[in-house]
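Me: I would like to go through the salt bridges of this model and then look at one of its helices. Could we begin with the structure itself?

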Amino acid sequence: MSERRYTEFDSIHCGVQADKGRFRIAPNGIGWKAGSGKTTVIGADDLKKLSWNRGARGNQMRVLLKDNTIYKFDGFKSDDFEEAKDAIKMYYKIQLEQKELSVRGWNWGKTDFQGSNLIFNVANKPMFELPLGQAIGTNKPGKNEVAINFVDPGQPVPDGVNPKEVDELMDVTFYVPGTVAKESENKDNDEEDEEVNADMVFYENVKSKLEFSQMTTENIVQFQEVLCLTPRGRYNIDMYQDFLRLRGKTYDYKILYSNIIKLFLLLKPDEMHVMFVIGLDPPLRQGQTKYPFLVFQFVREDEIDVELNLDEATLADKYENKLHKHYDAPTYEVVSTIFRSLTNRKVTVPGSYRSHHGAHALKCSMKANEGYLYPLEKSFLFIPKPPTFIPHNEIGVVTFSRVDTTSTGSSRTFDMKFNMKGGNDIQFSSINREEYANIEDFLRQKRIKVKSVKNEETIVSYAELDDEDEDVDDEEDGDFGNGRKKRRTEPAAGTMIDDEDSETDEDFAPDESGSEVAEEYDSEVEGSYDESEND
């Protein structure tokens, strides 16, 4: 019987996969194979370093390759260490190092970058490890702080992982105080080394690791210093085949094209700027703030001359000649065209609506924020802040208030409230009264229910009406408007007194004896007061 030329272990996990398999150490390399058929093979010539430590599922063997790729195998027993150590030393002439993890629970230590991984060490012992290759962005939320974001629901879920049954690290923030010496290219310089903030050095290191892990291909095109209204700032937009990157001074994001669900190209009423709106699902996050829409602004007359980093074969095969090799056109046209081709999403433009001044939008306010409301063919969109998307099919009724058509009306603006079928109300205020006729006609053309009221109390009464009562209300509109409606609203304004109150006023007799009120106005009271004062 021939001697076995490998060492094998059962019930071992590879990475985060739930499947168990056989782990084999052989002269030509390391292999893992699960019962489902999944395999992982590592050649002996690619091995650089192997270590042994405690893991979440027993003991773990950590395999570092020469290209800094890391593989992790969990599920070893404590008694397996000596057998694995001897096999690795015999086959690869590499020492299997046994490392202890820090379990002190301290939240301060030192960081070490190993390939695309960040290792946090406490007292020279690793405490945890972050795979920066899975991070989607980094930013500086505050002074001496660096945050790393990990969760991107648009990314594919690792094999064997059910996202509904596991917890995920969303982001982690490091506090990096102090200064460090700046690395100088001229080492022969005798001058004192310049010091820079340690948090900026750490931030740049994290960004470089993210760029290295994400830049598997060269970018197709780059748009520099693009003005973004929401969130506010200027960003460089790097377009790749499967994702884009937003790089600003403070924030750096990776956005998959599969996360882009809507695109809008809208001309501002000033006719000097064009806004390009990107709808995201899941939304972009800055700390605890979520941005479901990105609003970019371009000057209408600005032009750009760019050449795409794609060969003719790729343009023809993958993009079906929807993209051109060279563009020399207005910036907003080039940006919207490239986004449309890479994301396979239609770009929505304004439809038939025109305001009183011929614009595609009407100026209004949403709470304390001024902006523009665009009535589109299938939705309404308010921009720039907060961007609000209102589909037509989700609108229950649109209620106009403070609309006074009489000559005595003093208000030059009116309000418009969208009562949504889901129960939410979205209100826009400070709309010029000249826009009322156009927006009302547009709503009626789209067969959206419209109602007009004079005050907030009447808005509540209209909202409580059922659809079955609408015809009755229309027939009795004169009685409702001149009767109960006036009785409810006019007393609040102080212009109407009920009959019962009038009868009470007629019975009031200040000259009757014994009346305390009459005593105040009785001239004899003053005389008696004077006499008592003299006494």
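Me: Which residue forms a salt bridge with Arg-285?
Reply: The model is a predicted one. In it, Arg-285 pairs with Asp-171, and their closest N and O atoms are 3.2 Å apart.

Me: Is Arg-285 buried or exposed? And what about Asp-171?
Reply: Arg-285 has a relative accessible area of 18% and is buried, because buried means under 20%. Asp-171, with a relative accessible area of 30%, is partly exposed.

Me: How many salt bridges are there?
Reply: The count comes to 16 salt bridges.

Me: Fine. What does Asp-10 pair with?
Reply: Asp-10 forms a salt bridge with Arg-22, with 3.8 Å between the closest N and O atoms. Asp-10 sits in strand β1 (residues 7–14) and Arg-22 in strand β2 (residues 21–26), so the pair connects parts that are 12 residues apart in sequence.

Me: Buried or exposed, those two, Asp-10 and Arg-22?
Reply: Both Asp-10 and Arg-22 are exposed.

Me: On to Lys-140, then. What is its salt-bridge partner?
Reply: The partner of Lys-140 is Asp-199, and the closest N and O atoms lie 2.6 Å apart.

Me: What is the relative accessibility of Lys-140, and of Asp-199?
Reply: Lys-140 is at 16% relative accessibility and counts as buried. Asp-199 also counts as buried, at 5% relative accessibility.

Me: Changing topic: which residues of helix α5 are buried?
Reply: In helix α5 (residues 436–445), the buried residues are Tyr-436, Ile-439, Glu-440, Phe-442 and Leu-443.

Me: Where do the buried residues of α5 fall, seen down its axis?
Reply: They fall within an arc of 160 degrees, so the buried residues line one face of the helix.

Me: And what follows α5?
Reply: Arg-447 follows α5, and its phi is positive, near 60 degrees.

Technical notes. Residues are numbered from 1 along each chain as its sequence is written. This is a predicted model: local features need pLDDT of at least 70, side-chain atom pairs count only at pLDDT 80 or more; totals for chains, interfaces and linings use all residues. Side-chain values use heavy atoms; hydrogens and water are left out. A salt bridge is a side-chain nitrogen of Lys or Arg within 4 Å of a carboxyl oxygen of Asp or Glu. Helices (H or I, at least four residues) and strands (E, at least two) are DSSP runs, numbered from the N terminus. Buried means under 20% relative accessible area, exposed over 50%, partly exposed in between (1.4 Å probe, protein chains only). The arc is that of the directions from the helix axis to the C-beta atoms.
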